[in-house]
Amino acid sequence: MKLPASPGVERLLPARVPFGLRVFFRGAFFLLGLATLALAVAVLQDEKERSYRNYQDGFRKNQAQIAAKLRHPTGQLVLLNPTAYDHEVTPLRPLVLPFSAIDFDDRNKAQQAVEMAGCLVQYPDAASMCVAVGNNPFAGGFLYAVGSFNSGPLVSHTSGTLDLSQAHRARITVDMRGQRYRWIAPFQAMQAMDEGRNASPFANTRGRLVGFADDGPITPASRPVRDFRGWLWQDGRCVDGAPAGPDCTRRAFVSVRLPVELFREALFAKGPAGIVWPPADLDQIKVQVEMLAPGEGKPLFDSNAQGAAAPFSWAELTPLLLPGEKLQIRKLGAAGTSTGIVALSGAEATERSSPLIAWLIRRLQVEGYDAPVTSTDIISTPLGRYELTLTGDIRSVNKVLTTVATRVSWFVGGMLLAIFATWLAIELRIIRRITELTRRAATVSKGVRASDSLAAVDLADLRGGDELGVLAGGLQDLLQRVNEDVRREQIRVAQEKDTWHAVGHEIMSPLQSLMVLHGDAADPAHRYISRMQQAVRVLYGSASPSEAFESTALNVQTLDANEFLRHVARNAAAAGIPGVAFEPLAQPVTVRADEYSLEDVVSHVLRNAERYRRPGSLIRITLSLQAQEGTAPEAVIAISNLGPQIDDGMLGKIFEYGVSDLPEAESAAPGQRGQGLFVAKTYMAKMGGTITAHNLANGVCLELRLQCAAG
């Protein structure tokens with residue numbers, strides 16, 4: 001398409017559209033997708049290494065935790081009774097305790113023993129019962145029944161009364177080896193105990209359980225079983241916390257030792273293998289313990305009741321095993337033999353996972369990943385030594401990581417889909433339009449290069465109502481405004497330069513004449529005429545004051561700051577700044593500075609202080625020395641006045657060129673164009689110093705810092 005010709009503009013053809021931007025965008029999104037996948041793989045690699053290390057640490061801790069549990073009396077109870085949990089909880093079967101015997105006469109010791117061993121079977125009505133034998137065959141071959149239940153106030157059996165049903169009593173039945181043993185044991189209370197005070201109807205109660213063979217009616221000729229021993233205790237407190245009363249339900253604790261003749265006969269009948277303990281058929285013995293209230297009603301407690309919960313078992317070790325882990329426990333015998341007791345395995349992960357992610361995780365290499373993970377420990381008990389072998393399965397790390405990565409892969413897939421959707425949207429909505437814009441921009445660029453000025457660039461053919469037309473119109477207007485601004489700036493600079501040339505020329509001639517009249521250096525006017533000549537030389541022929549000040553080269557020499565400031569303060573009144581007080585130091589202070597430039601700096605600061613100080617107040621000049629460790633000392637000239645403070649936002653801006661807090665009309669007045677502090681800052685920087693401002697409680701202080709000359 002041909003473009004209409006304009007004056008000064010050559011006829012242009014559509015330029016070839018480059019592919020760089022499209023390649024950049026497409027490459028960027030392609031790399032972004034690759035980076036997302038690489039990041040996911042790197043995270044998987046790192047997570048696999050972490051999972052492997054965590055698995056090894058967890059494996060060792062797990063093995064130590066299992067061994068600690070089995071070393072505890074509760075764990076030893078499981079080791080000593082490996083097959084005791086292969087049947088229903090009730091009826092109760094004796095367990096081998098990790099203790100040689102139970103001190104059944106002492107309530108606290110008996111209760112502590114069964115609770116520590118963990119042999120108590122729990123019942124829904126808050127009752128509990130443990131039936132066990134000691135691990136020492138020489139303790140006498142007894143069965144122990146220890147537990148607790150809730151009951152009303154205990155009723156004691158009266159000696160000589162043949163009817164046992166009038167008192168609380170225990171009925172115990174033992175079935176073993178085809179025989180049944182039954183005992184009935186009425187409660188005979190001892191004197192009620194209330195911690196040393198007088199007996200009370202609601203005090204703690206204690207008494208014996210006197211055992212009779214339950215093989216018929218009790219007659220005057222019936223005698224208690226000699227080796228049957230039993231105790232029954234009852235708390236004086238109510239179970240529900242209510243005040244003690246005759247109908248209050250209280251906690252009762254029973255401890256019974258049962259003589260089992262078959263056990264004792266087996267102990268004394270030595271066989272070829274010696275004494276065998278515990279009996280091999282211990283888990284076949286069935287025991288029922290009943291606690292009966294006065295009368296013939298329902299038992300207060302029956303160990304065969306439904307809902308009983310078994311004590312600690314192998315099942316409680318299974319949750320400690322991670323997926324794929326296996327625990328094998330063997331009992332070590334003589335001559336290095338061993339017998340397997342139990343083998344447990346951790347639960348397998350059932351959550352679905354992606355086969356592709358599983359393959360990827362298997363391909364990721366981790367140092368030491370193929371090494372077997374096995375740990376062995378020995379636990380000693382009174383009845384033998386047991387070997388614990390815990391075997392780990394590293395493949396479970398892959399399975400768990402695959403399961404987690406499968407869930408996370410949806411997020412990675414979502415990120416990739418978002419990247420693709422973003423690229424597609426940019427491609428359709430932006431890149432295609434940028435292509436058209438690039439074609440037209442290239443045409444405009446050729447038009448600009450073909451003419452000598454911006455005004456010759458004609459973009460009228462690109463105007464229109466669409467986005468590109470609006471952009472072209474805005475560009476046309478912008479170019480026109482820039483061209484006008486450039487021309488105005490060129491005119492202003494030329495006018496200002498001519499003005500300074502004229503000012504410098506007109507001032508320099510009378511100054512030369514004045515210098516002849518006041519050529520004596522002792523003449524006070526000589527110093528000020530020299531300063532005026534220097535200022536004119538600085539500005540003469542320069543484009544602008546700010547450029548002049550910044551390009552000026554100073555003659556930095558050494559001078560005594562004390563004498564210099566004393567001279568400035570003494571002559572300040574002659575310069576129209578009365579009331580200047582200087583506080584000199586006792587010793588000379590030699591600094592590196594240009595004398596005239598430094599005097600200009602102090603004069604500009606004094607004029608600002610004069611303009612803002614409180615009428616009648618003094619402007620104070622102080623000189624001090626400050627030194628920091630490792631640096632040369634600095635001379636600090638502080639010029640302060642009483643008056644209004646400077647806004648915090650202006651403290652750093654007052655040293656910029658043209659900044660003034662006066663109205664525009666006033667700031668245009670001579671000496672008030674906002675360049676005094678700019679000159680001060682510029683000269684101080686050229687002399688290697690600084691100038692800062694800060695507010696005082698009732699005024700303002702400007703500090704000038706100069707380097708001290710080397711002694």
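A disulfide, defined as a pair of cysteine sulfur atoms within 2.5 Å, joins Cys 119 to Cys 130, with an S to S distance of 2.0 Å. The two cysteines belong to distant parts of the chain, 11 residues apart, with Cys 119 in the loop between α3 (107-117) and β2 (121-122) and Cys 130 in strand β3 (residues 128-133); helices (H or I, at least four residues) and strands (E, at least two) are DSSP runs, numbered from the N terminus. The torsion about the S-S bond of Cys 119 and Cys 130 is about -105°, and the disulfide is therefore left-handed. Cys 119 and Cys 130 are both buried, where buried means under 20% relative accessible area, exposed over 50%, and partly exposed in between (1.4 Å probe, protein chains only).

The model is predicted, so that local features need pLDDT of at least 70 and side-chain atom pairs count only at pLDDT 80 or more, whereas totals for chains, interfaces and linings use all residues. Residues are numbered from 1 along each chain as its sequence is written, and side-chain values use heavy atoms, with hydrogens and water left out.

A disulfide also joins Cys 238 to Cys 248, with an S to S distance of 1.7 Å. This pair likewise links distant parts of the chain, 10 residues apart, Cys 238 lying in strand β9 (residues 229-238) and Cys 248 in the loop between β9 and β10 (250-259). Both Cys 238 and Cys 248 are buried. Cys 701 counts as buried because its relative accessibility is 6%.
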